[in-house]
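Below is a briefing on selected residues, grouped by topic. Please read it alongside the sequence and coordinates.

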Amino acid sequence: MRASISCPPPNGPLLMGRGGTRRAGGGGPGWRASRRLRGCGSQSWRLSGCPRQYCAGRHHHHSRRVWPGCWTRRARRPPRQLRHPLQPSLPPPRPVPMEEMEEELKCPVCGSFYREPIILPCSHNLCQACARNILVQTPESESPQSRRASGSGVSDYDYLDLDKMSLYSEADSGYGSYGGFASAPTTPCQKSPNGVRVFPPAMPPPATHLSPALAPVPRNSCITCPQCHRSLILDDRGLRGFPKNRVLEGVIDRYQQSKAAALKCQLCEKAPKEATVMCEQCDVFYCDPCRLRCHPPRGPLAKHRLVPPAQGRVSRRLSPRKVSTCTDHELENHSMYCVQCKMPVCYQCLEEGKHSSHEVKALGAMWKLHKSQLSQALNGLSDRAKEAKEFLVQLRNMVQQIQENSVEFEACLVAQCDALIDALNRRKAQLLARVNKEHEHKLKVVRDQISHCTVKLRQTTGLMEYCLEVIKENDPSGFLQISDALIRRVHLTEDQWGKGTLTPRMTTDFDLSLDNSPLLQSIHQLDFVQVKASSPVPATPILQLEECCTHNNSATLSWKQPPLSTVPADGYILELDDGNGGQFREVYVGKETMCTVDGLHFNSTYNARVKAFNKTGVSPYSKTLVLQTSEVDIKKLLAVAWFAFDPGSAHSDIILSNDNLTVTCSSYDDRVVLGKTGFSKGVHYWELTVDRYDNHPDPAFGVARMDVMKDVMLGKDDKAWAITEGGITKGATIGVLLDLNRKNLTFFINDEQQGPIAFDNVEGLFFPAVSLNRNVQVTLHTGLPVPDFYSSRASIA
């Protein structure tokens, strides 16, 4: 019977044998069949008489014995480059200088090149000796044997629970501990030459003459990866259970050989020159003159491949690498690839049950597929590295540009400050000229007054001396002839001195006062601004005066952005003062450009202003708008207001009609509705007519605050004052009188006052309110005068 395996199958290889069709690895002991293995390689192999059912696609030995006739080559084809049928052909990745990968070739523990590296399950590498040095012994209860005995072990390597193992990372305090392990005391972690924190062993390993791979490890040992800090417990195989990284060893060999001394030309006669190329077919190193002389690029030699000396030295001196063997079966080579475990496996791994139910594929096909995937990934990484190099060049250019811009900016700053100083000096000269002009003017006025007063005083003194001489005359008739005229002249002269003549026309103080505070403030606020602001502050809003108005004690304001403004605004802030010229306060913040403010004082003057804002900042305030609320009757100190019910603040069960003046309800429960106008000052009176009153409901009428409960009867909480029942029938009229000057509330039914005063000490902002259900319908009447008897009583008081 003959069975075949087609690779790669869609769901794993199908093995056709006794008992029907089964997957690879499904055969048990005694299941024998001659199989033909068809892989994706360039050759087809036939297995005949070989006791191993899964062999690699090349001649090899089993258990170190050669089986004659093990492989029979069915066909020989010329070698060709193969690729996975679903994998597109990709260009080879761009070469990277080997000097830059030295960090990848060094152990994170010792900092030296890897020596006999092993691969941990987390895909990181360690030297075998370094792995032994960082082993830590764990309690017996955590051993793999105890786990398997209890049925909890699912793999050969059991990762420790993070609750039982506490490992400190690079950003921690520098100490690591294995919490809860009596056998592993707290030990300080060390830093390797690569900068990775590692945990030293709890105790020094015992001296042994065996190699690190063969030396026994302590029972129940645990190893922690120094790079990702992932911990696992070793099984009975110890470090031999980890696969060896032969590829990494080969890369290190090539890297170290590339660092050796330069090769010399093999054809120079006297002093050999440094080789520049190597011919792979001739296996000879040439310098440029010898290559042109002995290896011309024509004829049969034109097909030879010339490579750099370093690459030729690697291919020439590199010894054949050891064939990778299975970690579980050391004498067997890898023959297949387990797709689920993502690792090469041998035929015994497939037969002994560990990978029996897993999907496996041909080793050669997966080798080529992963090479193609790695090349594709390297191409993407190479593009990122190229971008990084270009970015570094850009950053270095930015350093130079920053230095040049700094010098230019400093010169500009000095020039601007010098210009400010020059402007200040010019302004200083102008102000000094004004002071000198005022000085000259004052001196001129005072000197003119001195001159005028001196002349006047000389005339007065002459008149006085003349009159004294006239008085000395003894001739009565002669004296009387001139006495009347002299008396008049003396009185006239005296009157002239009394009309501000002896008051200085100019003060000695200078009336000029220099206001330098705005300039000092500007100097203190002198700062840099972004030349290219990504989002400057919005422009100052403009109040639309034609749309701004007042009604009763409410004010409506409207504004807009300037027509030529290009900077959008995220919102606006409206501010009002207290009606008495006090401080402004915010009454609205939002995106709307119109706002109505309720609950203002009657007969009051308010100042309003608005500003815009966005993520960058706030614009200046608009011009201030003066608003006047409804006037009050000065004689009676009473206000008349017109308002309706407010659907915005009403309960959802409230039904409004008749321009929001008639209200009813769709629920049998009491629901509250408020008036649209709030009162905080003055005397106000309104009435409500009961249009429908069925089944003796309990409506309530009164006043309430804005935050009153809307789903209970009015007056049930401390936010409302109301009257209920008490003669309320269909067609009744309920009057509500709110006197905020005296802070009391009075109710009327059919023009009759219900008691003296219902409530007193009522203070604050109140809204007309009603609570009712579907058995009641009422209509609101506003703008009514206050009852006469109350008006007369208010005037008497």
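Predicted model: local features only at pLDDT ≥ 70, side-chain atom pairs only at ≥ 80, totals over all residues.

**Strand residues**

Residues are numbered from 1 along each chain as its sequence is written, and side-chain values use heavy atoms, with hydrogens and water left out.

- Glu-687 belongs to strand S34, residues 683-693; strands are DSSP runs (E) of at least two residues and helices are runs (H or I) of at least four, numbered from the N terminus.
- The side chains of Glu-687 and Tyr-685 make a polar contact at 2.7 Å. A polar contact is a pair of N or O atoms within 3.5 Å; within protein, one must be able to donate a hydrogen and the other to accept it, and residues adjacent in sequence count only if both atoms are side-chain atoms.
- Beyond four places in sequence, Glu-687 touches residues including Thr-733, Asp-751 and His-781, where contact means heavy atoms within 4.5 Å.
- Gln-777 sits in strand S42, residues 776-781, and is partly exposed because its relative accessibility is 23%.
- Between the C-alpha atoms of Gln-777 and Asp-691 there are 5.2 Å in space, against 86 residues in sequence.
- Leaving aside neighbours within four places in sequence, the contacts of Gln-777 include Thr-662, Val-690, Asp-691 and Leu-772.
- Met-336 is part of strand S20, residues 336-338, and counts as buried because its relative accessible area is 1%.
- Met-336 and Tyr-347 are 11 residues apart along the chain, with 7.5 Å between their C-alpha atoms.

**Surface patch**

- A nonpolar surface patch of about 450 Å² accessible area together is formed by Phe-391, Leu-392, Leu-395, Met-398 and Ile-402. Patch residues have over 30% relative accessible area and no salt bridge; like charges are joined within 9 Å and nonpolar side chains (Val, Leu, Ile, Met, Phe, Trp, Tyr) within 5 Å. A salt bridge is a Lys or Arg side-chain nitrogen within 4 Å of a carboxyl oxygen of Asp or Glu.
- Ile-402 lies in helix H7, residues 363-471, and is exposed at 53% relative accessible area.

**Cysteines**

- Zero disulfides are found in a search of the whole structure, a disulfide being a pair of cysteine sulfur atoms within 2.5 Å.
- Cys-294 has its closest cysteine sulfur in Cys-290, at 5.6 Å, so the two are too far apart for a bond.
- Cys-294 is partly exposed at 33% relative accessible area, whereas Cys-222 is buried at 1%.

Technical notes: Buried < 20%, exposed > 50% of the residue type's maximum accessible area, 1.4 Å probe, protein only. Areas by Shrake-Rupley, 256 points an atom, 1.4 Å probe, with all protein chains shown as cover.
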